[in-house]
Amino acid sequence: MIHNNSFLDLVKDALSRVKELDVHQLNNKIQNKEEIFIVDTREDREWVQGRIPHSIHIGKGVIERDIENTIPHKEANIILYCQGGFRSALAADNLLKMGYTNPYSLSGGFGDWLNNGFSIEKD
């Protein structure tokens, strides 16, 4: 997908504040059973096609509305992902603005997860 420059500028601005993890770091955290929340910010149609194991689904369109009911602890380690790492960066930036201290965006997103052959869950 080709993204327009205004969107990419928004993502670049968000990433000036948001911490990122790559798929190998996330896989290590899962394997080590670290206390993390993995949040899939993709659309419903993307979620049902497959997701990173142990993920919870809170789409980018509703994350600001629903996050506090799902993850009330503002200090929690939250790894957000989308397909490529752009929408999750924007969502993580909004969580920072809401007082969450440890949101991360998964660089490369679900696409990199698949490309590296890591397991997925499906309905």
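The legends below describe close-up views of a predicted model.

**View 1. The largest nonpolar core and the residues that touch the most other members.** This core holds 14 residues, and those touching the most other members are L26, I30, I38, I52, I79, L106 and W113. At least two residues of the core come from each of α2 (23–31), β4 (78–81), β5 (103–106) and α6 (109–115), and α2, with 3 residues, gives the most.

**View 2. The surroundings of L106.** When its neighbours within four places in sequence are left aside, L106 is in contact with L21, D22, V23 and L26, with I52, with I79, L80 and Y81, and with G85 and S88.

**View 3. The aromatic pair of F7 and F86.** The structure has 3 aromatic pairs, and in the one formed by F7 and F86 the rings are edge-to-face, at 6.0 Å centre to centre and with 75° between the planes. Because F7 belongs to helix α1 (residues 5–15) while F86 lies in the loop between β4 and α5 (87–97), the pair ties together parts that are 79 residues apart in sequence. F86 is partly exposed, its relative accessible area being 30%.

**View 4. The aromatic pair of W113 and F118.** Here the ring centres are 4.7 Å apart and the planes stand at 45°, so the pair is tilted. W113 counts as buried at 1% relative accessibility, and F118, with a relative accessible area of 17%, is buried as well.

**View 5. The salt bridge between E46 and R87.** Among the 9 salt bridges of the structure is the one joining E46 to R87, whose closest N and O atoms are 3.1 Å apart. Since E46 lies in helix α3 (residues 44–47) and R87 in helix α5, this pair ties together parts that are 41 residues apart in sequence. E46 is buried, with a relative accessible area of 11%, whereas R87 is partly exposed at 22% relative accessibility.

**View 6. The salt bridge between R17 and D13.** The side chains of R17 and D13 meet at 2.8 Å, N to O. R17 counts as partly exposed at 38% relative accessibility, and D13 is likewise partly exposed at 38%.

Terms used
Residues are numbered from 1 along each chain as its sequence is written. This is a predicted model: local features need pLDDT of at least 70, side-chain atom pairs count only at pLDDT 80 or more; totals for chains, interfaces and linings use all residues. Side-chain values use heavy atoms; hydrogens and water are left out. A nonpolar core is a set of buried Ala, Val, Leu, Ile, Met, Phe, Trp, Tyr and Cys residues joined through side-chain atoms within 4.5 Å. Buried means under 20% relative accessible area, exposed over 50%, partly exposed in between (1.4 Å probe, protein chains only). Helices (H or I, at least four residues) and strands (E, at least two) are DSSP runs, numbered from the N terminus. Contact means heavy atoms within 4.5 Å. Rings of Phe, Tyr and Trp (its six-membered ring) pair if their centres lie within 6.5 Å; planes under 30 degrees apart count as stacked, over 60 as edge-to-face and the rest as tilted. A salt bridge is a side-chain nitrogen of Lys or Arg within 4 Å of a carboxyl oxygen of Asp or Glu.
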